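Please keep the sequence and the model in view while reading.

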Amino acid sequence: MRNPHVPLSLVVPGLPHPLLAPDRCEAWAHVREGFESARALVDASGADTLFIYSTQWPSVLGHQMQGAQRLVWTHACPEFHELGSIPYDFAFDAGLAETYAQCARNRGLHARMIAYAGFPVDTGTIVALKLLDPARKMRVCVVSSNMYADRAETIVLGKAAVDALRETGRKAVAVAVTALSARMIPSVIEPSEERVALARDDEWNRKILELFREGRLEDVAQLARTFYREARADQKFKAVWWLSAVHGGHNEYQGEVLAYASLQGTGAAVVALREGEGLAGDPEFDEDDVEFFRGERSVLSPTVRQATPQTEASPALGVAGIVS
Amino acid sequence: MTHGRIVAGALAPHPPHLVYAENAPQNEPRAECGWEELRWGYERLRKSLESKPYDVIIVHTPHWRTGRGHHVLAHPHFSGLSVDPVFPHLFRYRYDVKVDVPLAELVVEEARAAGLTSMPMRNPDFRIDYGTLVSCHMVRPQWDVPVVAVSSSSCYDDFSVEVGDAQMTALGVATRKAIARSGRRALLLASCSLSHRHFTQEPAVPEDMTHEHIYNYNQYLWDMRMLGHLRAGRTKRVVEESPDFVEQASSETRAGSLTWLLAALGFPTEPATVHAYGTVIGTGNAVVEIPPSTGV
């Protein structure tokens with residue numbers, strides 16, 4: 001096994017319909033069934049940790065790792081508030097979060113663990129935790145989605161996650177909380193009107209799922225930018241960059257599409273990936289396989305590069321590190 | 001019922017750093033100082049608004065993003081703790097907010113009459129976003145008037161900046177009609193920055209102003225161009241140049257707040273007053289008071 005620390009990876013959607021209202025719509029029920037199949041795979045995986053990257057938790061200052069030991073709240077989704085509230089009581093693994101932050105800093109990233117009472121856990125993370133681990137048996141680590149991080153930075157962030165798992169000896173299910181096409185139907189619809197917003201979004205989603213089904217995770221990662229441009233994939237589909245880096249950037253997976261439907265027009269799929277005999281073989285890489293993040297490439301203003309503040313938290317990021 | 005009216009509008013950016021640096025009693029973290037130019041600009045705005053009494057604040061906020069049109073807070077009272085998911089070390093704010101529900105319902109009604117998708121937000125567990133809280137706090141820290149908060153629709157991303165601006169223009173006009181029907185004297189806030197590219201690191205002491213400056217010269221030039229238009233009363237020009245501004249300066253006006261405000265004010269040709277311009281973690285922010293058009 002190339003990565004013994006990650007026996008299973010999942011792609012899951014982050015909207016609340018499968019949690020709050022699966023009975024109201026066939027599509028929502030189908031996604032809920034996909035979550036339940038995924039939960040069975042989690043239970044059988046032998047993993048002790050859910051390692052989550054959620055596109056619904058944005059960050060600006062580098063990467064944030066959730067380390068609050070306990071967060072208790074009653075959440076109303078900012079978009080689907082009429083579906084009802086979601087009480088939650090989650091425990092997070094502060095030790096793993098701190099180790100992950102340190103491993104990320106070791107690879108040149110700006111990263112920190114955060115632990116604040118009342119911190120707003122995002123809808124996507126809530127849905128994933130509620131449906132994948134309802135009994136709270138697993139340890140949990142969640143990382144934010146930096147709005148400026150492109151592929152190289154996100155890949156390094158994924159590799160740092162593997163470093164953290166290796167260092168702590170954990171075995172994790174890596175979970176990318178992301179929609180496929182993220183375009184909503186921009187009006188209030190009846191459940192009976194549920195459909196993917198655009199036919200071309202649906203066609204792109206199905207193409208991506210075909211690749212997932214063939215276990216071609218790295219191929220999907222390399223197509224992410226195209227998928228984003230053509231079908232408005234969720235947050236550039238960068239969650240799959242992270243997932244591919246965490247599980248291993250190759251195509252030798254057994255892929256299983258556990259569900260595909262729409263949630264308010266977005267493409268919602270539950271996908272499981274385990275290492276296996278893939279059909280496609282290893283891909284050629286279209287970019288460098290980045291090990292260390294050397295900073296943003298500030299092309300517009302040289303003076304900015306000289307003045308970008310350093311912090312104690314990122315001693316490796318000297319000025320040279322930022323500009324090179 | 002008295003015919004309602006807009007007493008003033010303001011570009012009122014929402015970096016949580018400002019409430020942090022104010023050492024607002026509602027906010028848990030403490031600061032030594034920081035971002036004085038913007039905070040003093042808000043002080044000048046508050047002073048100016050003393051001569052323009054208002055019954056309600058209507059705020060359009062980029063940090064309540066919605067995909068199904070335009071949502072409006074429509075529950076009478078919210079209280080709780082707002083922790084900024086992006087800057088949690090700076091903003092952990094206890095709020096107690098009253099909402100003008102009748103006016104909120106009118107905004108929804110007029111928006112729908114204009115052909116827009118709009119819905120009231122009535123879930124009492126809803127956590128108010130920090131855009132709403134920061135802008136309202138900086139303008140009216142005593143929290144003694146009710147608010148109506150309007151979400152930021154993803155129409156700019158779903159379609160284009162042009163489509164987004166068209167929707168926000170319609171929403172602005174609908175908001176003005178709702179105010180007129182309500183009989184209220186309303187203050188309107190566009191809770192957004194101008195240029196909006198952030199640094200992705202901050203100094204060990206966040207309020208260490210030796211590190212604070214605009215992200216790049218390009219953003220600065222764009223910010224000055226837009227402020228020049230506002231100071232000269234060229235409000236339609238602001239919207240006409242909006243697609244380029246959004247694309248070239250990563251402007252937060254992409255959330256629609258400024259277009260909504262200018263449309264609600266009737267695209268005034270009277271000069272706006274720039275109370276302050278300053279940067280926050282590299283983004284360009286201005287506190288600007290904009291009078292309503294005398295023609296509406």
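Of the 324 residues in chain A, 58% are buried. The structure is a predicted model, and the values given here are to be read accordingly. The secondary structure of chain A comprises 10 helices and 10 strands. Along the principal axes, the C-alpha atoms of chain A fill a box of roughly 55 × 45 × 40 Å. A compact globule of 324 residues would have a radius of gyration near 20 Å, and the 19 Å of chain A agrees with this. Among contacts in chain A with a separation of 6 or more, 81% join residues 24 or more positions apart.

The loop between α7 and α8 of chain A deserves attention next. Most residues other than glycine have a negative phi. A:Q235, which is found in this loop, has a positive phi near 50° although it is a residue other than glycine. A:F237 also has its place in the loop between α7 and α8 of chain A, and its phi is positive, about 60°, although it is not a glycine. Are these residues buried or exposed? A:Q235 has 20 other C-beta atoms within 10 Å and is buried; A:F237 has 27 other C-beta atoms within 10 Å and is likewise buried.

α8(A) is followed by A:G248, whose phi is positive, near 130°.

Chain B can be approached through its contacts with chain A. In these contacts, 34 residues of chain B meet 37 residues of chain A. The elements of chain B that give two or more residues to its side are β2 (56–66), β4 (77–83), β6 (118–121), α5 (155–158) and α7 (217–231). The largest share, 3 residues, comes from β2(B). By class, the side of chain B that touches chain A has 15 nonpolar, 12 polar and 7 charged residues.

The largest nonpolar core has 194 residues, and those with the most contacts inside it are A:Y100, A:V175, B:V107 and B:V148. Helix α5 of chain A (residues 151–168) gives the most to this core, with 8 residues. Leaving out residues up to four places away in sequence, B:V148 touches B:V56, B:I58, B:V72, B:L73, B:V99, B:D100, B:L103, B:A104 and B:V107.

Within chain B, helix α9 (residues 242–249) has B:S242, B:F245, B:V246 and B:A249 as its buried residues. Viewed down the axis of α9(B), these residues fall within an arc of 105°, so they line one face of the helix. They pack against α6 (161–182), α7, α8 (235–240) and α10 (257–264) of chain B. Just after α9(B), B:S250 takes a positive phi of about 50°.

The last stop is B:L265, in the loop between α10 and β9 (273–280) of chain B. With 24 C-beta neighbours inside 10 Å, B:L265 counts as buried. B:L265 and B:V7 are 258 residues apart along the chain, yet their C-alpha atoms are separated by 9.4 Å. Apart from neighbours within four places in sequence, B:L265 is in contact with B:I6, B:G9, B:I290, B:P292 and B:S293.

Notes: Residues numbered from 1 in each chain as written. Chains lettered and ligands numbered in written order. Predicted model: local features only at pLDDT ≥ 70, side-chain atom pairs only at ≥ 80, totals over all residues. Contact = placed C-beta atoms within 7 Å. Helix = DSSP H or I, 4+ residues; strand = E, 2+ residues; numbered from the N terminus. Nonpolar A, V, L, I, M, F, W, Y, C, P; charged D, E, K, R; others polar. Buried ≥ 20, exposed ≤ 12 C-beta atoms within 10 Å, placed from the backbone. Arc of directions from axis to C-beta. Rg over C-alpha atoms; globule rule 2.2 N^0.38 Å. Core = buried A, V, L, I, M, F, W, Y, C linked by C-beta atoms within 7 Å.
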